[in-house]
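This report goes through a protein chain from its overall make-up to selected local features. Please keep the sequence and the coordinates at hand while reading.

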Amino acid sequence: MWPVLDLLSRTLIDAGIANAILLSLVVVLMVFTRQPSRRIMLAQTGFYAALLMLPLVVFTPLPRLYPLDWMVRNGVMPPQMLPRSSQFATDDLLGRRFRARLDDVGHGTHSDAEWPAGEPLIRALTLMHLGGAAIGIGWFGLGLWGFRRLLRRSDEPSDATRRIFDELIADLGRPPPYPKLRVSAWPRGPVLGGLVQPCILIPERLDDDDVDPNSLRLILLHELAHADRGDVWFSALASVSQAVWFFLPHLWWLRSQLRIDQEFLADRKAAGPIGDSTAYARWLVGLASVRSAGEASAKKTQDAAGDPQFPWWKGGFKSPLLQRVAMLLYCPFRVEDHPPPWFSIVMPALLMAIAIAVSCFRLLAPLDPSALLHPARASDPLVSSLNIPQFVLVPGRPPAVLPLALPPSFLLTADLLATSTALTQIRLSDHPLTALGESGLDPSTLDPNEPPSWHRIYMRRNLNGLTLLVDGVPVPVDDPAAKEPDSPQWLTLAPARDTTAILRDLVVTW
């Protein structure tokens with residue numbers, strides 16, 4: 001479980017950093033863009049890129065870049081600021097970092113990069129992120145379920161309301177499929193929802209015979225404008241992106257701006273048929289005043305517009321309603337219904353190209369095990385290692401405990417000079433180096449006078465568990481970390497009973 005969580009932690013960290021870089025650029029572009037249609041396209045591209053960042057980080061075909069490694073090598077950041085891969089590692093020999101060669105940085109696999117591993121804070125933050133994302137997505141799913149439940153309990157509109165709706169569809173020349181129109185007593189105001197087929201849900205008070213037909217027509221025009229632009233889909237996309245990356249403030253700001261810009265364009269389209277933005281703005285303020293007062297009918301909106309006891313302007317220019325009214329009455333530029341073709345092609349393509357580029361960034365450089373077999377170079381990434389040139393295993397002595405708690409993911413290689421009999425008795429971190437019994441070597445066949453020979457030891461622990469090879473032959477082992485993941489597994493060397501053995505070039509990397 002823990003290696004999988006460590007792998008997910010590293011992926012989320014890299015994707016989160018890449019999203020922060022990309023979305024910061026999107027925010028800057030939106031600040032300097034005044035056309036609502038262009039701002040909406042920028043925000044939509046940002047939401048798409050945020051959701052695609054995780055698969056881009058995992059499957060990017062481009063060479064991977066390691067900015068922290070570059071900063072350490074160029075003296076911008078000291079190596080001590082990098083996290084250690086084990087909470088039990090010391091700061092002397094075991095915390096030493098050396099430069100190693102990475103044969104193919106661009107095609108390094110996740111099994112080669114074990115950072116960050118074993119950090120309790122990183123694991124705790126990852127679990128908190130997963131929990132927060134699950135709550136956000138669950139809340140979004142609950143909203144979809146609630147809207148479907150409202151639709152099942154809703155009713156057909158009256159003949160007069162249906163006639164107004166059909167006339168609007170005919171006047172606008174809207175091609176099918178048409179949004180459905182339903183009536184319910186639960187919503188306070190008109191709602192547009194439905195991912196498969198958009199549906200306009202209006203409260204019962206708007207389906208009354210005494211309702212002003214012009215007010216009802218404006219309400220339906222506004223919701224039809226949202227349906228024509230596909231605002232339901234993009235609002236759902238924004239909700240999912242915000243739920244997955246809820247800790248990024250960029251997405252919260254982008255979603256609020258997306259809502260305001262969508263309302264701007266819907267207001268402009270709804271005000272078009274009446275040809276008077278001032279009349280529409282007055283109706284909009286009146287509708288908001290009626291909602292604030294808790295009136296039961298929309299026919300009173302014209303009278304409520306001038307009632308000062310309902311301060312629709314409360315909150316100053318931060319009020320979304322005041323911003324919508326200002327855009328209707330005092331917009332200093334001509335508003336585009338849709339962004340120009342060049343903008344619709346160039347900007348999304350440019351932002352997605354930047355998303356692919358920043359997905360190549362990695363917090364920490366991976367380690368290729370073959371790097372230990374080659375001389376160091378100045379451009380090589382940084383890794384942590386333990387290197388013991390020679391260790392003599394004296395017979396009859398207790399096991400030697402080396403000051404290294406094996407990290408959750410590591411690679412150990414060594415050369416051992418020992419006889420076959422000693423090889424059956426030596427234990428590495430309490431693991432035998434030879435399989436005995438029915439499935440392995442028969443001790444009765446060993447020659448006690450056999451001269452010692454060199455044996456190659458290879459031990460690795462990654463997502464697939466613990467692997468031990470002696471001279472290329474697998475040796476069955478049990479991984480203590482799988483049973484007791486929170487207990488340190490120290491590197492120990494138990495000698496043979498009667499024969500001296502020599503361990504050379506013991507290298508542990510993590």
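The sections below treat the whole chain, its salt bridges, its surface patches and some individual residues.

## Overall make-up

The structure is a predicted model, and its protein chain comprises 14 helices and 14 strands. Of the 510 residues in the chain, 47% are buried. The accessible surface of the protein chain comes to about 25600 Å², and 61% of that surface belongs to carbon and sulfur atoms.

Side chains of opposite charge can pair when their charged atoms come close. A search of the whole structure finds nine salt bridges, and one of them joins E336 to R38, with the closest N and O atoms 2.9 Å apart. The two partners of this pair come from distant parts of the chain, 298 residues apart, since E336 is placed in the loop between α11 (320–330) and α12 (341–358) whereas R38 belongs to helix α2 (residues 36–59). E336 has a relative accessible area of 16% and is therefore buried, the cut-off for that class being under 20%. R38, at 18% relative accessibility, also counts as buried.

A salt bridge is likewise formed by R39 and D261, whose closest N and O atoms are 2.9 Å apart. Because R39 lies in helix α2 and D261 in helix α8 (residues 249–271), this pair ties together parts that are 222 residues apart in sequence. Both R39 and D261 are buried.

R39 is also touched by V31, which has W253 as a further contact when residues up to four places away in sequence are not counted. V31 lies in helix α1 (residues 2–31), and in contrast to the buried R39, V31 is exposed, with a relative accessible area of 53%.

## A network of charged side chains

A further salt bridge is the one in which the side chains of R162 and E156 meet, at 3.4 Å from N to O. R162 is partly exposed, its relative accessible area being 27%. This pair belongs to a network of salt bridges in which E156, R162, D166 and R182 are linked.

## Surface patches

R149 lies in helix α4 and, at 38% relative accessibility, counts as partly exposed.

The nonpolar surface patch covers about 420 Å² and is made by W342, I345, V346 and L350. Among these residues, L350 has its place in helix α12. L350 counts as partly exposed at 43% relative accessibility, because that class takes in values between 20% and 50%.

## Backbone and loop residues

Most residues other than glycine have a negative phi, and most peptide bonds are trans. Against that background, S429 has a positive phi, near 50 degrees, although the residue is not glycine, and D430 likewise has a positive phi, near 70 degrees, in a residue other than glycine. S429 is placed in the loop between β8 (427–428) and β9 (431–432), and D430 is also placed in the loop between β8 and β9.

P451 has its place in the loop between β9 and β10 (453–462). With a relative accessible area of 56%, P451 is exposed, since the cut-off for that class is over 50%. P451 and A418 are 33 residues apart in sequence, while their C-alpha atoms are 8.1 Å apart in space.

Key
Residues are numbered from 1 along each chain as its sequence is written. This is a predicted model: local features need pLDDT of at least 70, side-chain atom pairs count only at pLDDT 80 or more; totals for chains, interfaces and linings use all residues. Side-chain values use heavy atoms; hydrogens and water are left out. Helices (H or I, at least four residues) and strands (E, at least two) are DSSP runs, numbered from the N terminus. Buried means under 20% relative accessible area, exposed over 50%, partly exposed in between (1.4 Å probe, protein chains only). Contact means heavy atoms within 4.5 Å. Accessible areas come from the Shrake-Rupley method with a 1.4 Å probe; for residues, only the protein chains shown count as cover. A salt bridge is a side-chain nitrogen of Lys or Arg within 4 Å of a carboxyl oxygen of Asp or Glu. Patches are made of residues with over 30% relative accessible area and no salt bridge: like charges are joined within 9 Å, nonpolar side chains (Val, Leu, Ile, Met, Phe, Trp, Tyr) within 5 Å.
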